[in-house]
Amino acid sequence: QVQLVESGGGLVQPGGSLTLSCVASESISGIYVMGWYRQAPGKLRELVASITNIDSTRYAASVRGRFTISKDSAKNTVYLRMNSLKLEDTAVYFCNVRRPTSTTWNDYWGQGTQVTVSS
């Protein structure tokens, strides 16, 4: 059972930056996808960005060009650098790891970290 711990959330003004970190309790190897999701009050959880074991990345249209996902496999860590933050980026951000089994994918989630963009 992979455990994920996020950090780096907080309060920031519009236009500011934050970097989120997510550390996994064990080495993530083989085929996998690591991602960041967010959930704002009253809204569904949505994918923000993801990165695969071969460093293929994917971004939500709303954050493309402002957010950057990266990973450090030696540290079992995935990062989300968020620039030019907007009010609508306010949400709880969750780290996710997906690993395939023979028949499906297993999802692991962190507890979430709050990001609040406010003037």
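How many of the 10 residues of strand S9 are buried? I looked this up and found that 7 of the 10 residues in S9 (residues 91–100) are buried, which leaves the strand mostly covered. For the term, I note that buried means under 20% relative accessible area, exposed over 50%, and partly exposed in between, with a 1.4 Å probe and protein chains only. Strands are DSSP runs (E, at least two residues), as helices are (H or I, at least four), and they are numbered from the N terminus.

**What I am looking at**

I am working with a predicted model, where local features need pLDDT of at least 70 and side-chain atom pairs count only at pLDDT 80 or more, while totals for chains, interfaces and linings use all residues. Residues are numbered from 1 along each chain as its sequence is written, and side-chain values use heavy atoms, with hydrogens and water left out.

**Partners of S9**

I looked up the pairing next; two strands pair if DSSP finds at least two bridges between them. Strand S4 (residues 33–39) runs antiparallel to S9 and is joined to it by 7 bridges. One of these places is Arg38, whose bridge partner in S9 is Tyr93. I also found 3 bridges between S9 and strand S11 (residues 113–117), again antiparallel. There, Ala91 has Val115 of S11 as its bridge partner. Between S9 and S10 I found 5 bridges, also antiparallel. A hairpin of 4 residues leads from S9 to S10. Arg98 has its bridge partner in S10, namely Asp107.

**Asn106**

Is Asn106 buried or partly exposed? Asn106 is partly exposed, because its relative accessible area is 31%. Beyond its neighbours within four places in sequence, Asn106 is in contact (heavy atoms within 4.5 Å) with Val97, Arg98, Arg99 and Thr101. I also checked Tyr32, which is 74 residues from Asn106 in sequence but 9.8 Å from it in space, C-alpha to C-alpha.

**The disulfide**

I found 1 disulfide in the structure, a term for a pair of cysteine sulfur atoms within 2.5 Å. Cys22 and Cys95 form it, with their sulfur atoms 2.1 Å apart. Cys22 is in strand S3 and Cys95 in strand S9, so the pair ties together parts that are 73 residues apart in sequence. The disulfide is left-handed because the torsion about its S-S bond is about -80°. Cys22 counts as buried because its relative accessibility is 0%. I noted 0% for the relative accessible area of Cys95 too, so Cys95 is buried.

**The sheet with S3**

I followed S3 into an open sheet of 4 strands, in the order S1-S3-S8-S7, with antiparallel pairing. At the edges are strand S1 (4–7) and strand S7 (67–72), each pairing on one side only. Strand S3 (residues 18–24) and strand S8 (residues 77–82) are joined by 6 bridges. In S8, Arg81 is the bridge partner of Thr19.

**Rings**

I found 1 aromatic pair. Rings of Phe, Tyr and Trp (its six-membered ring) pair if their centres lie within 6.5 Å; planes under 30 degrees apart count as stacked, over 60 as edge-to-face and the rest as tilted. Tyr37 and Trp109 are edge-to-face, 5.0 Å centre to centre, with 65° between the planes. Tyr37 is in strand S4 and Trp109 in strand S10, 72 residues apart. I noted that Trp109 counts as partly exposed because its relative accessibility is 35%.
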